[in-house]
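Here are a few exercises to work through with the structure open in your viewer. Try each task before you read its solution.

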Amino acid sequence: MIALIPFPDIAPEIFSISLFGFDFALRWYAMAYIAGILLGWRLAVRAVKTPALWPDDSPVMKPAQIEDLLTWIIIGVILGGRLGYVLFYQPGYYLANPSEILAVWQGGMAFHGGLIGVILAGWIYTWRHQIARLGTADIMALGVPPGLLLGRVANFINAELWGRQTDVPWGVAFPGDAAQNCPDVEGICARHPSQLYEAGLEGLLLGILLIWLVWARGALKRPGCVAGTFFAGYGASRFLVEFFRQPDAQFVTPDNPLGLAWHMSGWGLTVGQVLSLPMIALGFWLIARARHAS
């Protein structure tokens, strides 16, 4: 008998109410976005309120500018995350159904697309206000891990983005026919809780590392170091977790059961790993540049 953990009975909705004929529900995923943004904002504000952390004791921006930048970041996350999902994961479907591209309430957001959206938003904001881009990138990177941590926990609560089937003792029996459709398994199927793996690596561990670098190692004095560590850390974490994460259904075929974007004789890379490699390369380049400049 395979040891497994039953999926906890947690509703995706925190609460729901009906007012004047309208239904309103607050979901854990929405709460994760809200709480993650607020925590990231507070980290960034605290950093710019501590001049000693910065080169020549001069923070890259003022607290009020952090709030202005936050608006741009939210727009970049939503538009970039959605368009990234459309282009990276289901371009054929949305080409045939263009009216559904902006239907974000139906689900479908890609982190890599959201990251590109945030980078573009930050680039435009710093250009308009003539703010140093590398310092801004550092402060933005510092604020991302709380959202990643909470977002991945919300993915777990929603029983989505689960992992590959497994016989490890901490395997979880996720609900639903799709999650329980495991080859060569009779009865209940256990899967890796890959959402929690990502929460621990991309959110908790990476967040602690960035905070330690900023407040204990003076990393903000070397522009680009914090952003580079984030890119390399997230890319490496996502690359590793992809070995345990169930690939998106549209990439799985009888000839390619692992959903690999590139494969030969059973070896290859998933789409998530392919998208993570440029992040890792960019991260190491930024770290090397920061060390050389200092």
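A salt bridge here is a side-chain nitrogen of Lys or Arg within 4 Å of a carboxyl oxygen of Asp or Glu. Keep in mind that the model is predicted.

**Exercise 1.** Work out how many salt bridges the rule gives, and find which residues are linked in a network.

*Solution.* 
1. Apply the cut-off and the count comes to four salt bridges.
2. Start with R152 and E198: their side chains meet at 3.3 Å, N to O. R152 sits in helix 6 and E198 in helix 8, so this pair ties together parts that are 46 residues apart in sequence.
3. Now look at R245, whose salt bridge with E198 has its closest N and O atoms 3.1 Å apart. This pair also links distant parts of the chain, 47 residues apart, with R245 in the loop between helix 9 (225-241) and strand 5 (260-264).
4. Check burial: R152 and E198 are both buried, and R245 is buried too.

**Exercise 2.** Take the salt bridge between R238 and E242. Is R238 buried or exposed, and what about E242?

*Solution.* 
1. The closest N and O atoms of R238 and E242 are 2.8 Å apart.
2. Buried means under 20% relative accessible area. R238 comes in at 3%, so R238 is buried.
3. E242 has 6% relative accessibility, so E242 counts as buried as well.

**Exercise 3.** Find what covers the buried residues of helix 1.

*Solution.* 
1. List the buried residues of helix 1: A32, G36, G40, L43, A44, V45, A47 and V48.

Methods: Residues are numbered from 1 along each chain as its sequence is written. This is a predicted model: local features need pLDDT of at least 70, side-chain atom pairs count only at pLDDT 80 or more; totals for chains, interfaces and linings use all residues. Side-chain values use heavy atoms; hydrogens and water are left out. Buried means under 20% relative accessible area, exposed over 50%, partly exposed in between (1.4 Å probe, protein chains only). Helices (H or I, at least four residues) and strands (E, at least two) are DSSP runs, numbered from the N terminus. Contact means heavy atoms within 4.5 Å.
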